[in-house]
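User: Could you take a close look at one part of this model for me? I'd like to start with one chain, and then see what lies around it.

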Amino acid sequence: MLCDVCQTKEANVFFTQIVSGQVQKVNLCEECSKQKGVTDPTGFALAELLLGMGTTEEKPETKGPTGTTCPACGFSQSEFKRIGRLGCPRCYDTFKSEVETVLGNLHKGTRHTGKVPAHAADAARGNRLESLRHQLAKAVHEEKFEEAVRLRDEINSLSALPAPAAPSPPPPAAPDQTAPRP
Amino acid sequence: MMRFSTLVRQPAAWMLPEGPHADIVISTRIRLARNLADRPFPGWAKKEERIASLNDLQPGVEGLADMADGFSADLTKLDPLQKQVLVERHLISREQAAKGPGSAAVINRAQNLSIMINEEDHLRMQAILPGFDLGRAYQMLDAVDTRLEATLPFAYHNEFGYLTACPTNLGTGLRASAMMHLPGLVLSEQINQVIHSANRIGLAVRGIYGEGTEALAHLFQVSNQNTLGEPEPEIISRLEKVIRQIIQREHDARQKLLQTNPTKVRDHLGRAYGVLRHAHTIETKEALNFLSMLRLGQDLALLNPGNRLLIDHLLVEIQPAHLQLAAKRKLSPEDRDTLRAELLRLHLRHLPEPESTPPTPPGETES
């Protein structure tokens, strides 16, 4: 049997690779095998490399949009597909859906539940407070007083400021409204 | 700041035979990846942008109290040999060693904290301690991170957490790992099974030098793969649990080998001893594997106790860059092999022979 690469010398190195059930065999002479580094156990896509068989996978999708680019750094979607990394922090918003499809396979979850830097924690707390105040106003307006009490308590504990002068047990707006009718 | 020559005169902290389970866990490491919010990641940034990020980061990093009297250098100011020495000490990554302008390394005096600027991320910070000590390493690095973020605007996303160049590090940016010496599991051919079961629960086990069962010196790195969706303490405790099991299995494998095949163990050790004491030329690979056997012999009390420090040092000192640095001249690979053998003969000249009679297990005297 002749070497698949040089086609002149007798092959004596036989390389078999099975990728998802597909068997690829390559027969090489000793010289070609050395030249191609077949002795290197780390090179896994060897068969493809050696004979340049463009195989399976790794075909960029033909459909799909246009190549969005990140407004902050100019990184493109096709670049992300090619190297699997992003261009800048803003890319995570630019390519959010592409990133999300990858995350499922990589990690335990898709939301961060660990350490929060102080600046982000402050910002997050501000946002939360604002939303709670909004909900509180709505609850009062709709006369859902139990909910209003709960929201007020949460606001108080979150803002970590001393509670307002009003005594805390009775809800602020509730007494009049819920008082039994004469 | 400390000079390079001062740094290399002292062993890195992790090379000392200290810390919990130091017989099997040589070192533990925590790495955090962080990036500046308003700059492109190093791999996409242009040279000027990389230098701008470096200028943003370097003063803050060098100014850390932890880095007082430490070592700091732009990668362009180090020659290839110096970079390789830092790689062999696990103080910078191979990738970082290949970086050009805009990249730097800052290392503390004890060499248990090192911060790479403009590696794959703007900051790759690592704490590396001897023995099995992940909790302490994390505490140490977490404190450094908190101090830095007081002045540096790290990229953080409400959903994705800390943003990294590669989504594989997203969220916590945390990679926790242990370097383990597992000759028992290799000799008893259980290592592949261990690797597979670790992989199944999202942990990676790799040879430190070389791959798979070819791992030189029977040294393996066990690390987490997932960084997003779990808080840091959970990631670490999951890894700790597995490392504890691997330690136990390694102990069991060693005892079993000693009981069922003491001749095999003694033969490995005896050959290692013979070659290391008497060879006049030896390659890195062979030296690493034989030193590993001495280390095992020591842990099984077949060799005089008290030599682990020496053996662990030699595991680093016989590597190409360290040898070359000590020789103070350019060496061909052949010169290196000769010098390596010389170094080993010199340092091991007082090492007594391994015990030659197998100790009889209690209650199993021959009738």
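Analyst: Chain A exposes about 12400 Å², and carbon and sulfur atoms supply 55% of that area. Keep in mind that this is a predicted model. Chain A has 182 residues, of which 26% count as buried; buried here means under 20% relative accessible area. As for its make-up, chain A holds 8 helices and 2 strands. Now look at the contacts in chain A with a separation of 6 or more: residues 24 or more positions apart account for 28% of them.

So much for chain A by itself; where does chain B come in? Leaving out residues up to four places away in sequence, Glu159(B) touches Lys96(A), Glu100(A), Thr110(A), Arg111(A) and His112(A). With Lys96(A) there is also a polar contact of 3.1 Å between the two side chains.

Next, the inside of chain B. In soluble globular proteins, nonpolar side chains tend to be buried together. Here, the largest nonpolar core has 55 residues, and the ones with the most contacts inside it are Ile30(B), Ile115(B), Leu123(B), Leu148(B), Met180(B) and Ile243(B). Helix H8 (residues 232–260) of chain B gives the largest share of this core, 8 residues. Apart from that core lies another one, of 37 residues, including Leu276(B), Leu314(B), Leu315(B) and Leu344(B).

Last stop, helix H10 (residues 284–299) of chain B. This helix has 16 residues and reaches 22 Å from its first C-alpha to its last, close to the 22 Å expected at 1.5 Å a residue. In H10(B), 12 of the 16 residues are buried, so the helix is largely enclosed by the rest of the structure. Among the buried ones are Leu288(B), Phe290(B), Leu291(B) and Met293(B), and also Thr284(B), Arg295(B) and Gln298(B). Just after H10(B) ends, Ala301(B) takes a positive phi of about 60°.

Terms used. Residues are numbered from 1 along each chain as its sequence is written. Chains are lettered from A and ligands numbered from 1 in the order in which they are written. This is a predicted model: local features need pLDDT of at least 70, side-chain atom pairs count only at pLDDT 80 or more; totals for chains, interfaces and linings use all residues. Side-chain values use heavy atoms; hydrogens and water are left out. A nonpolar core is a set of buried Ala, Val, Leu, Ile, Met, Phe, Trp, Tyr and Cys residues joined through side-chain atoms within 4.5 Å. Buried means under 20% relative accessible area, exposed over 50%, partly exposed in between (1.4 Å probe, protein chains only). Helices (H or I, at least four residues) and strands (E, at least two) are DSSP runs, numbered from the N terminus. The expected span of a helix is 1.5 Å times one less than its number of residues. Contact means heavy atoms within 4.5 Å. Accessible areas come from the Shrake-Rupley method with a 1.4 Å probe; for residues, only the protein chains shown count as cover. A polar contact is a pair of N or O atoms within 3.5 Å; within protein, one must be able to donate a hydrogen and the other to accept it, and residues adjacent in sequence count only if both atoms are side-chain atoms.
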